[in-house]
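User: I have a model open and would like to learn how to read it. Could you walk me through a few features?

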Amino acid sequence: MLSIDEARRRVASDLLVLAGRDAAAMRTLSQVAAMDFAPVGFHAQQCLEKCMKAVMASAGITFPRTHDLGELHRLLTSAGHPVPLPLTTLSDFTPYAVTTRYDLDEPDLLDRTQTESAVALMLAWATTTIHP
């Protein structure tokens, strides 16, 4: 049986692996010039969400079942874990979790270059936070 610390580390590591998968999917889709941004944004949002939840799991912070990156940002910062992306930037990704999957009206909030940079930054942050 795993100790509580071992279980938290396992959840954090698993979430980080899953975040990496979403990042790879986002990068692959981003290379396709004819691809709408919504699927790229979806995988980017999923990666950012999993990065934050991985850090929360590692720190023993209970996280809600939500796709709201702003809420996760507030929970992390209030627990003393500063997030490298500002709340406003993270909030721009939130519509890609659900809204753009069921609505053809795509928000014009992000571009591919800034999305790839945000994903790389958050993956690096989560990785170094969980595995110092």
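Predicted model: local features only at pLDDT ≥ 70, side-chain atom pairs only at ≥ 80, totals over all residues.

User: Which residues touch the most other members of the largest nonpolar core?

Analyst: The general idea comes first. In soluble globular proteins, nonpolar side chains tend to be buried together. Here the largest nonpolar core has 35 residues, and Met 52 and Met 122 touch the most other members. The elements giving two or more residues to this core are α1 (4–30), α2, α3 (69–78), α4 (87–93) and α6 (112–130). Helix α2 contributes the most, with 11 residues.

User: How many residues of α2 are buried?

Analyst: For α2 the count is 20 of 23, so this helix is largely enclosed by the rest of the structure. As background, an α-helix has 3.6 residues a turn, so residues three or four places apart point the same way. From its first C-alpha to its last, α2 reaches 33 Å, close to the 33 Å expected at 1.5 Å a residue. After α2 comes Gly 60, with a positive phi near 80°.

User: Let me try α1 next. Is Ser 30 buried or exposed?

Analyst: Ser 30, found in helix α1, is buried, because its relative accessible area is 10% and the cut-off for buried is under 20%. Not counting residues up to four places away in sequence, Ser 30 touches Val 40, Arg 112 and Glu 116.

User: And what does Ala 25 count as?

Analyst: Ala 25 is also placed in helix α1, and at 24% relative accessibility this residue counts as partly exposed. Try the distance tool on Ala 25 and Ile 4: they are 21 residues apart in sequence and 32 Å apart in space, C-alpha to C-alpha.

User: Now for pockets. Which residues line the largest pocket?

Analyst: Again, the idea first. Rolling a probe the size of a water molecule over the atoms shows where empty space is left. In this model, the largest pocket holds about 170 Å³ of space. Its lining is made of Leu 15, Gln 46, Glu 49, Lys 50, Lys 53, Phe 63, Arg 65, Thr 66 and His 67.

User: Which helix gives the most to that lining?

Analyst: That is α2 (residues 37–59), with 4 residues.

Terms used: Residues numbered from 1 in each chain as written. Heavy atoms only, no water. 1 Å grid on protein atoms, 1.4 Å probe; cavity = no way out; pocket = protein on both sides within 12 Å on 5 of 7 lines; lining within 4 Å. Points joined across faces, edges and corners; volume = space filled by probe spheres on them. Core = buried A, V, L, I, M, F, W, Y, C linked by side-chain atoms within 4.5 Å. Buried < 20%, exposed > 50% of the residue type's maximum accessible area, 1.4 Å probe, protein only. Contact = heavy atoms within 4.5 Å. Expected span 1.5 Å × (residues − 1).
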